[in-house]
Amino acid sequence: MLFGLSNSAHLLSTEQPRTESEWENSFTLKMFLFQFVNLNSSTFYIAFFLGRFTGHPGAYLRLINRWRLEECHPSGCLIDLCMQMGIIMVLKQTWNNFMELGYPLIQNWWTRRKVRQEHGPERKISFPQWEKDYNLQPMNAYGLFDEYLEMILQFGFTTIFVAAFPLAPLLALLNNIIEIRLDAYKFVTQWRRPLASRAKDIGIWYGILEGIGILSVITNAFVIAITSDFIPRLVYAYKYGPCAGQGEAGQKCMVGYVNASLSVFRISDFENRSEPESDGSEFSGTPLKYCRYRDYRDPPHSLVPYGYTLQFWHVLAARLAFIIVFEHLVFCIKHLISYLIPDLPKDLRDRMRREKYLIQEMMYEAELERLQKERKERKKNGKAHHNEWP
């Protein structure tokens, strides 16, 4: 956090914003981007990059022609993403709450210990309340910035990968219920009373929330289409399964899906450094000639060995079509709800317009009264002029 604050302060000193409001908005955006990329890089890597560029048996892609790239769990990358999200939403939030309360507790205990050493234990009772409050920890120099940042990052974790971890909203709710009481205890007993300041709204945080909402729709569309097996299963059910061409999909239509999702590989085509240690004779009695791996590729005896099959391109087209349809559908529903439920009710908007009109009328009447008074004074002093208004 200190490293990020120093970097943001240096960037802002170079940028030189014109007003304090622009400085705060720029600082908030830079700090959010720094923390967002730092905390979400692992989840985005697991969701969209892990196991995507590994090649296939016999032609693995290697880093510096030496190390094989990491692959997903045999059950799919969605399980890895779900585990990562569970760790973040449970362990990370628990640790953050512990540090938020434990850090000021330890600091205040150390301050009280130093005071007792300076004045003796009997001096503690005679302290006035204002001095006890002064010995508490001061409010953060950035006010509620850390609290806002924590909630915005939690909102990002909750919405961006909710398709992979549906328990995220529930865990976020339970955490916030606990954190409300922890923050109340911290503000009342561990921190000095903060200085009040006016704020019209939440500022740039509103735009950041809008951006996270748009990103979450796009990310969940990619998670469902690319990371999960939802689209390959639908393609098999309607195109390649027992119910192909019948316009229906049920449990019986998925018979043979696992076998259709596996490709055939000839064991003799293994690279020397990646060939298995055993030929499998201890299981079948004879050396195995072929094995299966998860992909849509042609068999080794085809015209183009290990090339992509037609099913692979069907699945890819279905995934791209789902992403486009899903995004447009969600955004249309969002705009429809925004239209049906406006930010301000109609009667409140009408009252605000009426108040604005009345204020303008009062200002007009006050200005008119001032001009008439000045005119009377000039007539009284013999300094009236023609063509005066009104």
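Guide: Helix α2 (residues 20-48) packs against helix α5 (residues 145-160) at an angle of about 35°, with axes 11 Å apart; helices here are DSSP runs of H or I, at least four residues, numbered from the N terminus, while axes are lines fitted to C-alpha atoms over the stretch in contact, with angles from 0 to 180 degrees between N-to-C directions. This is a predicted model, where local features need pLDDT of at least 70, side-chain atom pairs count only at pLDDT 80 or more, and totals for chains, interfaces and linings use all residues. Residues are numbered from 1 along each chain as its sequence is written, and side-chain values use heavy atoms, leaving out hydrogens and water.

Visitor: Which residues of α2 and α5 make the contact?

Guide: Among them are Phe 27, Met 31 and Phe 36 of α2 and Leu 149, Ile 152 and Phe 157 of α5, contact meaning heavy atoms within 4.5 Å.

Visitor: Switching topic, where is the kink in α2 centred?

Guide: The kink, of about 50°, is centred on Asn 40, the bend being the angle between axes fitted to the seven residues ending there and the seven starting there.

Visitor: And what does UniProt list as "transmembrane region"?

Guide: The unreviewed entry lists residues 152-174 and 202-226, though such annotations may be inferred rather than shown by experiment. In the model, residues 152-174 are 70% helix and 0% strand, with end C-alpha atoms 16 Å apart, whereas residues 202-226 are 92% helix and 0% strand, with end C-alpha atoms 36 Å apart; strands are DSSP runs of E, at least two residues.
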